[in-house]
Amino acid sequence: MPSSSNWLQVIANEEQPKLNTLPSCVSLSNIKSDNYVRLIAVDITVDDKEQYSGKLKVFRGLDLESEHELGGIPAAIESLYIDETESKTPILAVAIAESILFYRHMKPYFKYTLPELEILDAEREIWRRLSIVRQEDQENFVEALKAYERPKLCRKSQRLLQLLPEERYNFIRDHAEGPFNRFANVIALKCLARVSTGHSQPPSHLVVATDNGEVLIIEPQSFGILYKATVCPDTPPSVLAVHGTFETDFCVIIATRYGSVYLLRKACPEAQEIFKLSQPMTGLVLLPIDQTIVAAAMNKRLLCYSKKGKQLYLIPLGKQPICLNSINLQHLGLTLICVALEGGLVQFYMQKYLVDEFQTNGTVSSMLFGRMGWEEYVLCLTTIEGDLIVKILKRTATFEPLQNLSTRNILGIDDDMVDATILEKPKKSSIFVEQIAREKKNAKITYGSFQVELWRLRHTAARATVGALNSSEQTTSNDITHAPVKLSAEVCGAGSIFRVYLTIQNLSTYKMASNLTVLIHSDRRHYTTVKSLAKISLFQLPCILPGIPLKIDFEVVAVINPNDKLPPHSLTPDNSHIRIMLIKAQQAKPLIAAVIAIPTTI
């Protein structure tokens with residue numbers, strides 16, 4: 001039995017917990033906002049009557065903390081942040097049929113239902129005739145309904161086709177005049193960051209794939225559909241992978257049940273089929289670093305493709321792959337591919353090289369990697385038998401190639417075929433190398449050109465800064481996206497020490513002015529500030545309510561020559577002033593930039 005020295009298995013204090021779930025129904029989240037990441041999973045059970053039911057279970061470590069009943073079997077769950085302010089509280093999204101349930105602190109928060117779809121005219125006509133024909137003639141119309149695909153039929157038509165022939169007459173009699181409700185079911189669910197903030201908890205949108213072949217991007221606060229595209233109208237999707245940010249650019253990889261893989265970008269409303277496999281896929285991941293697509297197929301192969309559909313390499317596997325996941329190790333600068341095989345063998349690949357593996361007691365059915373509890377790198381696995389396995393990556397772990405997979409011939413694949421798929425040097429990389437060689441040959445000319453461009457950039461930035469300050473030189477802000485604010489100042493004193501009083505007033509009638517900062521700028525050869533907060537020339541303001549002015553003050557000391565007790569000769573009436581700027585958080589241009597003249601020192 002192969003084992004690995006890179007992983008530590010967590011031992012349960014009591015009885016080992018049982019969990020039957022799917023790869024898309026597990027998530028790690030700081031759901032209680034206490035900086036302790038918990039494992040959240042859907043436990044799928046089957047009763048004596050072969051009825052499926054689902055429970056949402058929350059684990060603190062390996063101990064079951066709470067469980068919540070669900071009204072159905074979820075297709076996927078995701079943890080996301082929707083708030084931009086601190087402190088952030090994650091929201092858990094649970095997709096069941098046509099609805100997405102949102103939980104906050106593990107309590108029902110919102111429910112969103114996908115937009116209703118149009119009903120086929122032929123289906124309406126069939127139901128109209130079903131209500132008036134005789135019972136023995138109803139089977140002909142039921143057979144006519146079977147000619148249409150199930151996702152294109154309304155709910156009561158789908159239910160009618162599921163019933164036994166002796167049960168259909170009563171159902172038609174009760175529901176013939178009922179409403180026609182047709183909704184798309186959620187198949188897959190992923191999170192897409194709004195903007196690239198560099199924060200580990202950015203606010204996100206929901207990417208939803210439905211069984212009618214559409215991909216929707218939903219804003220989770222207003223539930224507005226920000227993006228909609230038709231990917232595969234004839235084939236329902238099965239796996240979803242996303243990368244990027246919504247504000248800049250993103251790409252969505254969609255895999256169908258029949259092996260087709262589509263690429264969807266922000267600028268294109270229609271998806272493009274990039275490659276198609278002859279066998280269905282059991283897993284698909286999009287690697288964030290080199291933007292390659294790795295798929296595990298049911299013909300015991302692990303394949304890697306570029307976004308243009310070119311096969312980069314192929315890895316034959318010893319047994320059937322069950323699930324696939326990516327392992328992002330930021331402290332090592334590596335991204336591994338973790339594939340679970342039938343029989344309990346879990347292997348880790350770095351590109352086409354096997355770097356680690358270990359054996360479990362049962363076939364792994366789902367995997368999830370990330371932060372759990374207080375540990376950064378934890379791998380959670382569930383088996384088909386229902387065992388929950390948690391492994392922690394050692395801090396001394398190293399991943400070195402154990403065996404070059406190009407020399408393995410498990411499936412009888414020729415070595416020349418595998419070697420021919422080695423990644424070639426891209427054209428852009430060749431151009432970059434040639435540019436480096438030219439710069440080394442003409443080092444002096446290149447350095448001089450760089451200095452000229454650098455000074456031009458500095459000059460442009462200085463002009464833009466002066467222009468922004470001059471355009472903001474007023475006492476009232478005119479930004480319609482924020483509450484209007486008025487700034488007034490008063491200078492008291494006649495000697496070398498002056499006290500400046502600032503009054504900031506919110507002119508709005510209903511908006512609150514928040515996240516404001518006062519920046520004090522002066523020429524240090526002429527004036528200095530005494531107050532501790534003013535030493536750094538930055539003053540964070542509290543929230544300003546409408547009609548309640550805020551007053552602050554600080555001291556300004558004129559610089560005097562200690563020998564003759566006179567101000568410096570460079571101080572003139574034209575430059576004897578300080579500048580006060582009122583700045584909004586995350587906004588480059590000041591709301592107000594006022595100039596305050598300081599009296600001449602006596």
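**Ground rules.** I number residues from 1 along each chain as its sequence is written, and side-chain values use heavy atoms, with hydrogens and water left out. Since this is a predicted model, local features need pLDDT of at least 70 and side-chain atom pairs count only at pLDDT 80 or more, while totals for chains, interfaces and linings use all residues.

**The sheet.** I looked up an open sheet of four strands, in the order β18-β19-β20-β21 with antiparallel pairing. Strands here are DSSP runs (E, at least two residues) and helices are too (H or I, at least four), numbered from the N terminus; two strands pair if DSSP finds at least two bridges between them. β18 (281-286) and β21 (311-316) are at the edges with a single partner strand each, so one side of each has no neighbour in the sheet. From one strand to the next the twist averages 15°. Then I checked β19 (residues 293-297) against β20 (residues 301-305): five bridges join them. Ile-293 sits opposite Tyr-305 in β20.

**Two helices.** Next I turned to α2 (residues 138-146) and α4 (residues 168-175), which pack at about 80° with axes 11 Å apart. Axes are lines fitted to C-alpha atoms, for helices over the stretch in contact, and angles run from 0 to 180 degrees between N-to-C directions. The two are therefore roughly perpendicular (65 to 115 degrees; under 35 is roughly parallel, over 145 roughly antiparallel, the rest oblique). In contact (heavy atoms within 4.5 Å) I found Gln-138, Glu-139, Val-142 and Lys-146 of α2 with Arg-168, Tyr-169 and Ile-172 of α4.

**Salt bridges.** I count a side-chain nitrogen of Lys or Arg within 4 Å of a carboxyl oxygen of Asp or Glu, and the count comes to 19. For accessibility, buried is under 20% relative accessible area, exposed over 50%, and partly exposed in between (1.4 Å probe, protein chains only).

- Glu-67 pairs with Lys-55 at 3.6 Å. Glu-67 is in β5 (residues 63-69) and Lys-55 in β4 (residues 52-60), twelve residues apart.
- Arg-395 meets Glu-375 at 3.4 Å. Arg-395 is in the loop between β28 (388-393) and β29 (403-404), and Glu-375 is in β27 (residues 375-383). Arg-395 is exposed at 72%, whereas Glu-375 is partly exposed at 25%.
- Arg-456 pairs with Glu-453 at 2.9 Å. Both lie in α7 (residues 443-471), three residues apart, about one turn of the helix.

Last, I noted a salt-bridge network linking Lys-32, Asp-34, Arg-38 and Glu-65.
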